[in-house]
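The exercises below are meant to be worked through with the sequence and the 3D view side by side. Try each task before reading its solution.

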Amino acid sequence: MEPDKPEDEPVPVAKPTGKVKPPPLSLSKRQALRRKFLRTVLLTGGVLGAALSGYLPMVYARRQRLRPPGALEEKDFLASCIKCGQCVQVCPVQAIKLADLVDGFGVGVPHIDARDQACDFSCDAVQCILACPTGALTYTKPEFLPVRQGTQLAAKPILLAKEKDAEPTLNLKERMGVARLTRPELCLAIKGKGFKGQARGAAFKGRMRYFKVDRWKPIPVAEHPYDVAECDLCVRECPLKGAISIETVYAPDGTQRKSPVVHEPCVGCGVCEMICPTETASIEIVPREVWRT
Amino acid sequence: MNTILKRRFFDQILAMFGREPKKPVQISPPAQEIHLYKRTTNKEKLLAAAAHAEAHMSTSHKWRNRRWAVLIAANLLFVVSFYFDIQILEGALTGSRFVGFHLIDLNSALQVMLAHKHIITNLVIGTATVFVFWLLFGGRSFCSWVCPYHLLAEWAEKVHLFLVRKKLVIDQPIDRRLRTVFWVVFALLAIATGYTVYEAISPTGIVSRALIYGPGLALLWVLAMLVFEVFFVRRAWCRYACPIGLTYGVVGIFSPVRIKYTLEGCFHEGNCRKVCLVPHVLDTVIKGRAVHTEVPIGPDCTRCGLCVDVCPTGSLTFDVKGLSKLL
């Protein structure tokens, strides 16, 4: 450690204490030690209590959150996320949010609230996966991690915005969830109604890349009003090829009507949920949902 | 390294894990000679000389200012990188990319590895880079030169010390072994729950993310800890709880960057111990305790330089092992 002289002979200055009993402590010193011990217990309890209170809500979590594309299964995702927010930083529409204390499912863990801001793949390349340093978001799952039946996509999804490119697909093998028409009674398409105006009102802050307007720059949804005779916004704005369409469906009593129908290529990005103009979204993403035929 | 300093080297590692420093068993002859001189010198003369040195000392904040500048700059770089999208330092303190190169906080990486039980290449690259960096630059220097909570706690400490001077509060110390216990408990919790439980309360992560991505309610926990530090226990988190500090401390065991104590000119006023975050590493400055004429300060030292600033005799200095030999 030091450029010292090795010839220095160590000289003992204190005799080894051996079996000599230490003198008994004074009352005040004993009390001081006891208080110190109690404070130590207090800090231990406080810190561990806080740590576990941040953990417990996750144990009892009922509601599934929509995770960014390429996320591992929930338990593995929570274990491997290092909470750095690099996925947040690369997202061009800032769809990814980090959880806060009250969200109760891991402070700093990313999720997407599709109704507020969906993932519209305007990065063209699932850049959040590219940014993740720990493999919590990943293109290819390691072999030993489980892949639930129905989460795999039959084929790599084709992104309409780059359909004419040499490589039109997204490097995504599993879905984030599946879109479901959860409130058909509200759906304008089913009612046979049209829609005119800003899809989510003037105050809505969500953005989207309308590739027919600008291939490279997402714009606010509020700046892109619609005027359609029959509402098909979810189909019109779905960024993927063949994930949703308006079909004629037959009710059990034989009557026919129009309805949005979700198809297998749906990855659960949430654009349909964001753009749906009804007060409460008629169509929603069920996070982590598998494809059922 | 002779046997005396080797013994001290290992004693200091134990002190980092929470053992209270003891009187030395052996003292080298040159150091003994100095101790003897100091004992036999006329006490009044010695006190007069000490008072003289202190009176003529210019109160310097050189190292503190440098350190604060580095700490603020590092954290600001994260903030501006995201805010202006200039992509120099992306991410947060738990994991980031410096112009594309992965950097991962050692303690967070450890938590993730224990919880997930699977390691990918990027994680290894980032962790190894940071490991080598802090191995070179002094382990716990991460605490005082980078950690944003350290700066907040330093300001809270000033309030605490003010209240102590006003006799409104007293510092109520805690058992230092607690930090080692926490380290083990959080490691076990990560393994058992499969979740990085510590990250939920890590003030370093919370403050870093709050700076970059905007404040959240998690800051309430940080605030609670700061209040606890102001009114009850001086620097409670950094001294007695933070597992990150211990992780970086272990890295710093073999670090060449450290504070060096020179026995000869020291008057043993103990100013350094009063400002120190980890006074147990400065037990060597107590009169009669130094085992050698020059003693390197142990791995729990955060290399913050407050003692260097406050020392009136220049007995404590920054030192790079081997560098003096090279120059």
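**Exercise 1.** Carry out the analysis for A:Q94: which loop does it lie in?

Solution. A:Q94 lies in the loop between helix 3 and strand 2 (96–98) of chain A. Its phi is positive, about 50 degrees, although A:Q94 is not a glycine. Because A:Q94 has 13 C-beta neighbours inside 10 Å, it counts as partly exposed.

**Exercise 2.** Is A:S80 buried or exposed, and which residues is it in contact with beyond its neighbours within four places in sequence?

Solution. Begin with the element, which is helix 2 of chain A. Next comes the count: the cut-off for a buried residue is 20 or more other C-beta atoms within 10 Å, and A:S80, with 27 C-beta neighbours inside 10 Å, therefore counts as buried. Then list the contacts, leaving aside neighbours within four places in sequence: A:S80 is in contact with A:L72, A:T134, A:G135 and A:A136, and also with B:V112 and B:H116 of chain B. Finally, compare sequence with space: A:S80 and A:V90 are ten residues apart in sequence, while their C-alpha atoms are 19 Å apart.

**Exercise 3.** How many residues of chain A are in contact with chain B, and which element of chain A gives the most to that side?

Solution. The count is 47 residues of chain A, in contact with 67 residues of chain B. The elements giving two or more residues to this side of chain A are strand 1 (11–12), helix 1 (27–59), helix 2 (74–80) and helix 3 (86–90). Of these, helix 1 of chain A gives the most, with twelve residues.

**Exercise 4.** Describe the overall form of chain A, and how far its prediction can be trusted.

Solution. Start with the inventory, which is seven helices and eleven strands in chain A. The radius of gyration of chain A is 29 Å, well over the 19 Å that the globule rule gives for 293 residues, so chain A is more spread out than a compact globule. Along the principal axes, its C-alpha atoms fill a box of roughly 100 × 45 × 40 Å. Buried residues make up 40% of the chain's 293 residues. As for confidence, the mean pLDDT of chain A is 88, and 91% of its residues reach 70 or more, but pLDDT stays under 50 over residues 1–8 of chain A. Where pLDDT is low, the predicted coordinates should not be read in detail.

**Exercise 5.** Follow two strand pairings in chain A: how many bridges join strand 9 to strand 10, and how many join strand 4 to strand 11?

Solution. Strand 9 (residues 244–250) and strand 10 (residues 256–262) of chain A run antiparallel and are joined by seven bridges, with A:Q256 as the bridge partner of A:Y250. The hairpin they form has five residues between the strands, and in it A:G254 takes a positive phi near 95 degrees. Strand 4 (residues 177–181) and strand 11 of chain A pair in the antiparallel sense over five bridges, with A:G177 opposite A:P287. Strand 11 (residues 283–287) is mostly covered, since four of its five residues are buried.

**Exercise 6.** In what order do the three strands of the open sheet in chain B lie?

Solution. The order is 2-3-4, and the pairing is antiparallel. Strand 2 (89–92) and strand 4 (101–104) of chain B are the edge strands, each pairing on one side only. Strand 2 and strand 3 (residues 95–98) of chain B pair over four bridges, and B:E90 stands opposite B:R97. Helix 6 (residues 121–137) of chain B packs on the sheet, touching strand 3 and strand 4 of chain B.

Methods
Residues are numbered from 1 along each chain as its sequence is written. Chains are lettered from A and ligands numbered from 1 in the order in which they are written. This is a predicted model: local features need pLDDT of at least 70, side-chain atom pairs count only at pLDDT 80 or more; totals for chains, interfaces and linings use all residues. Two strands pair if DSSP finds at least two bridges between them. Two residues are in contact if their C-beta atoms, placed from the backbone, lie within 7 Å. Axes are lines fitted to C-alpha atoms, for helices over the stretch in contact, and angles run from 0 to 180 degrees between N-to-C directions. pLDDT is the predictor's confidence in each residue, from 0 to 100. The radius of gyration is taken over C-alpha atoms; the globule rule is 2.2 Å times the number of residues to the power 0.38. A residue is buried if 20 or more other C-beta atoms lie within 10 Å of its own, exposed if 12 or fewer, and partly exposed in between; C-beta atoms are placed from the backbone.
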